[in-house]
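Please look at the sequence and the structure first.

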Amino acid sequence: MFRLLPGDPISLMFRDLRLNKDQVDYLMRVFGLDKPLWEQYFIYIINALRGNLGISFYYKQPVSGILIERLVNTLILLIPSTICLILLGVVTGSISAWKKNNFIDKFISGFSLVLYTLPTYWLGGLLIILSIYFLRLPVTGMYNYGVQYSGLIDKIADLLTHMLLPFVTLTLVSYGSFTMITRSALVDISTEDFVKASYAIGYSEKRIFMRVLLKNVSLPILSMSAIAIGTSVAGAVLTETVFAWPGVGRLIYDAVMNRDYPLLQGSFLIISISVVLANTIADLLYGILDPRVRTGGQ
Amino acid sequence: MNILYVIKRNSEMKAGLIITCLFIVLALIAPYIAPYGVYDTDPSSILKPPSFTHLFGTDEMGRDLFSLNLYALKFTLLVGILSAVISSTIGLFMGILSGYFSGILDWLITRVVDFLISIPAIVLMIVMGSVFSSGVLSIILIIAILSWAPIARVIRSIVLSVKELPFVQAAKALGASDLWIIRKHILPSVLPMTLVLTILSIPNAIFSYAALVFMGVGSVEELNLGTILYYAYVSGSLSSGRWWYFIPPGLILVTLAIGIMLVGRALERELNPRLRESKPEPI
């Protein structure tokens, strides 16, 4: 699909008038660009299975190497923010559901709705502008340029100050929807018969909430967490672009700009694989937690 | 059901309709009320903060940002509505196909839907948008093709339950053709939900369009709110704190989206009171 792009990679990669026809032909052969498209695709799949994703046209390095380096940067940002948003979302969603129709609930619901609609990159930009005026936090990249660190702690401190804004952006963007999901799942469950039965038994409000409701809501929350990871990844692409964070998301943006097909293909592949992996893990956990969906004993 | 009565009774609907209609009217009359034209550059006032002559300030070419934001509404709304309509048409079609005719077709469509839902759509949109031509039409199609899956899933589940209802079974027993049953029984039962889903997917389409343009995918020639954000970002307005360039387009986007979403949600509740009591199906 990526080869449908207008523009010839060779002419982009070697913009050099000194190349003669023979040398161009040689390069075409080395990169396999002289073979028919289906054969190129076949070779790509075979190589991808071996962990070789080709060579980036722009960086002129193996794609897999670049991707691994960038993936680490993305995960540094993504994992803490996903954990944070799930925990926060569950807490505020529970509060909102417990105080149903109270003003706290109205406030939380309204706030989440607004957060849910905020475009990621705009929220990021907003934070950048605010920080320019008030906080003076660094807004681009992972580290300051050309700084000699006296030790590891210095380096981590620098990383953390750079990370704060992208982290807040990424957390807030998915946090709204997660709160709403938790709240609606809890409200739905509270109309079930076993909850009514618990009231009839005479359990206290607190006990019903902690023991009956939260226990049962863990399943929907789990499956929503898998979806939250997917949206976080999408959010990461935009967040990284705005903050020039050198992760996979920024890499996609740069690859689009440089028309770097192998890199684009590789980045997309790695994002798809990680999202599918997250979903699979969630499905497996679901099977462990909920005996009803185990189909083994048919 | 009397529409006016519903609007009067439902405050969410009222608020949403007022916001949405306001923006539609503004988009329509933009050429008449905008104080400056799109190409009116003024070298003497570049990147000026808001003032009485320029309500939202000016950009790096000395253009009036208030007028630009007004003009931008047209393509933002147009692309949002068109892609939402196309995507829900695809979703309706696929949902009926996969819900009504079970078997290999259902299996295939369900797999495609699963794939499209689990992959973060915006990433695929960026990739596709940079591969295919960057005109508005192809952007509309890309957004539509990548966002029909959730709609198809909902439609499919409705069709599955309607299909088993006695009157549909009776029609089948009387020898009605599949096409007749779909037209007479299935379609009327899914159309209200399709309308709701169409309205609810307009904000997503608007955001996707703006995000694509912001990421440098798609042409910046058709002025929309994403274009203004893109230029604000590219001209370095973020790191130099020029808030009047970056904040208004985003605020307009968010207000518009909330307005449309309020209408959609209110409509959903009005059209389908059962929905309020429905429980989520175990996945």
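In which hand, right-handed or left-handed, does α5(B) pass α6(B)?

## Helices α5 and α6 of chain B

In this predicted model, the crossing of α5(B) past α6(B) is right-handed. Helix α5 covers residues 121-131 of chain B and helix α6 covers residues 136-146. Their axes come within 10 Å and cross at roughly 145°.

On the α5(B) side, the contact is formed by Ala121(B), Leu124(B), Met125(B), Met128(B) and Gly129(B). The α6(B) side contributes Ile139(B), Ile142(B), Ile143(B) and Leu146(B). Sorted by class, the residues of this contact are eight nonpolar, one polar and no charged.

## Helices α9 and α11 of chain B

Helix α9 (residues 178-214) and helix α11 (residues 243-271) of chain B have axes 8 Å apart and pack at an angle of about 165°. The two helices are therefore roughly antiparallel. Their crossing is left-handed.

Residues of α9(B) in this contact include Pro192(B), Val196(B) and Phe207(B); among their partners in α11(B) are Leu253(B), Gly264(B) and Glu268(B). The contact of α9(B) with α11(B) has 17 nonpolar residues, one polar and one charged.

## Where chain A meets chain B

Between the chains, 39 residues of chain A are in contact with 34 residues of chain B. On the chain A side, the elements giving two or more residues are α5 (103-117), α6 (120-135), α9 (205-243), α10 (248-258) and α11 (261-289). The largest share, nine residues, belongs to α9(A).

By class, this side of chain A consists of 29 nonpolar, eight polar and two charged residues.

Technical notes:
Residues are numbered from 1 along each chain as its sequence is written. Chains are lettered from A and ligands numbered from 1 in the order in which they are written. This is a predicted model: local features need pLDDT of at least 70, side-chain atom pairs count only at pLDDT 80 or more; totals for chains, interfaces and linings use all residues. Two residues are in contact if their C-beta atoms, placed from the backbone, lie within 7 Å. Helices (H or I, at least four residues) and strands (E, at least two) are DSSP runs, numbered from the N terminus. Ala, Val, Leu, Ile, Met, Phe, Trp, Tyr, Cys and Pro count as nonpolar, Asp, Glu, Lys and Arg as charged, and the others, Gly among them, as polar. Axes are lines fitted to C-alpha atoms, for helices over the stretch in contact, and angles run from 0 to 180 degrees between N-to-C directions. A crossing is left-handed if the near helix is turned anticlockwise from the far one by less than a right angle, and right-handed if clockwise. Angles under 35 degrees count as roughly parallel, over 145 as roughly antiparallel, 65 to 115 as roughly perpendicular and the rest as oblique.
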